[in-house]
Amino acid sequence: MWGGHRKVLRDGETARAVVTSAERHGGQLDGSGGAPIWYRLGLRVHYPDGTTADVSCKVGGPLRGTALLLSPGDTVPVRYDAAEPGTVAVDEPALQAEREAERQALAEAAVLRAERRLAGLPDVDPAALPTDEQLAAAHRVWRERAVRAKQARAAHRQAVTEEAPKGEVLRLLHAGTTRAAEEKTARQTFQELRRLRPDWTAPPEDRPR
């Protein structure tokens, strides 16, 4: 059995499954210490083709336990035999890696929330914070709009100085007002994002020269 189990884990196709039942065994103290913990699981496997099947399998055993904690409602990575899709094994290394990544993400989020509280910043979900790419894009748009607004003001001043026709002066004044409004909107958009990420700095190529 264990040879087949190892073969499925090594060569089997990947899928996801929902734990529908979890019978925990072992763990009781005896004369030589605690017995290994293992589970008999009910799984609803979701195959890549969209079909599902209810199967059962073991994680660990009386001689080889598991450090995983499993309960109904968990989603787990599995491997299955393509020739016999009902032959399924929980991919324990993949599940352990997933849970370790989740623990690290939770720890990083907790640290970030604590630092934001100390800095007097609003406590927000880290997933809602803008990314570096979003901040860079908003900053770039603002700088571009600022340049256009400056050029429009300069064109209007030049037209006034050169006593251009009144219609042209008014057209340039309107263009300058529009460019200034666009710059203000872009600046406010960037500042709203920057308020959530005060640690962000613009890359050198996007800074004003």
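**An open antiparallel sheet and a pair of helices**

The model is a predicted one, in which local features need pLDDT of at least 70 and side-chain atom pairs count only at pLDDT 80 or more, while totals for chains, interfaces and linings use all residues. Residues are numbered from 1 along each chain as its sequence is written, and side-chain values use heavy atoms, with hydrogens and water left out.

Taken as a whole, the protein chain holds 4 helices and 7 strands; these are DSSP runs numbered from the N terminus, with helices (H or I) having at least four residues and strands (E) at least two. Their sequence order reads α-β-β-β-β-β-β-β-α-α-α. The C-alpha trace spans about 100 × 45 × 25 Å along its principal axes. The radius of gyration of the chain is 31 Å, whereas a compact globule of 209 residues would have one near 17 Å; the radius is taken over C-alpha atoms, and the globule rule is 2.2 Å times the number of residues to the power 0.38.

The sheet comes next. It is open and made of 5 strands in the order S5-S4-S1-S6-S7, with antiparallel pairing; two strands pair if DSSP finds at least two bridges between them. Strand S5 (52–59) and strand S7 (88–90) each have a single partner strand and stand at the edges, so one side of each lacks a neighbour in the sheet. From one strand to the next, the twist averages 40°. As a general point, strands of a sheet pair through backbone hydrogen bonds, either parallel or antiparallel.

S4 and S5 pair in the antiparallel sense over 8 bridges. They form a hairpin with 5 residues between the two strands, and in the turn Gly-50 has a positive phi of about 95°. On to the next pair: strand S1 (residues 13–25) and strand S4 (residues 38–46) are joined in the antiparallel sense over 9 bridges. Along this pairing, His-25 has Trp-38 of S4 as its bridge partner, Glu-23 has Arg-40, and Arg-16 has His-46. Arg-16 also stands opposite Pro-77 in S6. S1 and S6 are paired in the antiparallel sense over 6 bridges, and the bridge partner of Thr-14 in S6 is Arg-79.

The helices complete the picture. Helix H2 (residues 92–118) lies across S1, S5, strand S6 (75–80) and S7, and runs at about 155° to S6. Contact here means heavy atoms within 4.5 Å; axes are lines fitted to C-alpha atoms, for helices over the stretch in contact, and angles run from 0 to 180 degrees between N-to-C directions.

Helix H3 (residues 132–161) and helix H4 (residues 166–196) have axes that come within 8 Å and cross at roughly 160°. The two helices are therefore roughly antiparallel to each other (angles under 35 degrees count as roughly parallel, over 145 as roughly antiparallel, 65 to 115 as roughly perpendicular and the rest as oblique). Their crossing is left-handed, meaning that the near helix is turned anticlockwise from the far one by less than a right angle. The residues of the H3 contact with H4 divide into 18 nonpolar, 4 polar and 7 charged; Ala, Val, Leu, Ile, Met, Phe, Trp, Tyr, Cys and Pro count as nonpolar, Asp, Glu, Lys and Arg as charged, and the others, Gly among them, as polar.
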